[in-house]
Amino acid sequence: MINLLFLEVYKSTSLYKPLKEVANVSNGYAFKSKDLLDVPIDNSSPVFKMRNIKNNGGFDHTKIKSWVTPDYYPKDKFLAQYGDILMSMTDMKDNVRILGHTALMDVDKKYYINQRVCLIRPTELPFEYLYPLTNSDDYINELRKHANHGVQVNLTIKSIKDSKIKIPNNNQLQKYIKLVRPLFEQVINNNQENLIMSQIKCNLLNKFF
């Protein structure tokens with residue numbers, strides 16, 4: 001439903017701006033492997049990596065495999081906020097699946113962002129519009145034309161900043177947001193409930209065995 005509502009607005013829009021004019025765009029932090037934990041401890045924070053972005057977009061909480069303790073916390077600018085959009089900047093040349101696709105951060109100031117993940121923080125447009133846009137075929141196909149090819153396929157921060165975004169007029173945008181905001185809230189709440197149930201199940205299994 002969200003994608004259908006988005007496409008209605010997107011297809012009726014003809015004005016373009018570069019992403020850097022409607023969002024802050026920055027790199028993740030280059031953590032050292034030796035400073036990361038393979039299992040969480042009481043005072044550790046999870047690290048968001050590209051593996052946490054699903055094929056075709058989305059956030060897979062269950063694939064968190066790295067944590068960092070306060071001794072190795074980077075600056076707060078690498079701490080994701082609710083509503084941030086996180087983009088994969090690298091993929092395998094022979095099996096491009098997640099390059100350019102994004103996940104929506106659905107919790108506030110919990111995850112640190114690893115390198116090769118681009119942090120997009122909306123400023124002039126809400127995440128409810130930018131998130132489905134960054135996973136749309138039009139956007140992904142055009143963005144990938146500007147990737148650097150080698151053994152891996154890589155996007156630069158500049159290419160992401162300069163990527164073109166369709167800008168709806170204010171009336172269109174407000175009508176769209178009114179319709180989709182409750183849907184986003186429902187999806188996010190469902191995801192959180194599923195994550196809690198998964199964690200409870202995992203804890204019970206660990207205790208049992």
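**Entry 1: helix α3**

I began with helix α3 (residues 137–144), where I found Y139, I140 and L143 to be buried. Buried means under 20% relative accessible area, exposed over 50%, and partly exposed in between, with a 1.4 Å probe and protein chains only. Viewed down the axis of α3, these buried residues fall within an arc of 95 degrees, so they line one face of the helix. The arc is that of the directions from the helix axis to the C-beta atoms. I noted the exposed residues D137 and D138 on the face of α3 turned away from its buried side. I then looked up the packing partners: the buried residues of α3 pack against β6 (85–88), α2, α4 (157–162) and β13 (164–167).

I record the basis of these entries here. The model is predicted, local features need pLDDT of at least 70, side-chain atom pairs count only at pLDDT 80 or more, and totals for chains, interfaces and linings use all residues. Residues are numbered from 1 along each chain as its sequence is written, and side-chain values use heavy atoms, with hydrogens and water left out. Helices (H or I, at least four residues) and strands (E, at least two) are DSSP runs, numbered from the N terminus.

**Entry 2: helix α1**

I listed the buried residues of α1 as I2, L5, F6, V9 and Y10. Seen down the axis of α1, they fall within an arc of 135 degrees, so they line one face of the helix. On the other side of α1, I found N3, L4, E8 and K11 exposed. An α-helix has 3.6 residues a turn, so residues three or four places apart point the same way.

I examined I2 separately. I2 lies in helix α1 and is buried, at a relative accessible area of 16%. Leaving aside neighbours within four places in sequence, I2 is in contact with Y176, L183, F184 and V187; contact means heavy atoms within 4.5 Å. I2 and Q186 are 184 residues apart in sequence, yet 11 Å apart in space, C-alpha to C-alpha.

**Entry 3: α1 against α2**

I looked up how α1 (residues 2–11) and α2 (residues 127–134) pack: the angle is about 90 degrees, and the axes are 10 Å apart. That makes α1 roughly perpendicular to α2, a term for angles of 65 to 115 degrees. Axes are lines fitted to C-alpha atoms, for helices over the stretch in contact, and angles run from 0 to 180 degrees between N-to-C directions. The contact is made by N3, F6, V9 and Y10 of α1 with Y129, P132 and L133 of α2.

**Entry 4: aromatic rings**

I counted rings of Phe, Tyr and Trp (its six-membered ring) as a pair if their centres lie within 6.5 Å. By this rule there are 11 aromatic pairs. Y82 and F127 form an edge-to-face pair, 5.8 Å centre to centre with 90 degrees between the planes; edge-to-face means planes over 60 degrees apart. Y82 is in the loop between β5 (67–68) and β6, F127 is in helix α2, and the two are 45 residues apart. I noted Y82 as partly exposed at 39% relative accessibility, and F127 as buried at 12%. Ring pairs also link F6, Y10, Y129 and Y176 into a cluster.

**Entry 5: positive phi**

Most residues other than glycine have a negative phi. I found K109, which is not a glycine, with a positive phi of about 55 degrees. K109 is in the loop between β8 (102–104) and β9 (112–113) and is exposed, with a relative accessible area of 52%.

How values were computed:
Parallel < 35°, antiparallel > 145°, perpendicular 65-115°, else oblique. Phe/Tyr/Trp six-rings, centres within 6.5 Å; stacked < 30°, edge-to-face > 60°.
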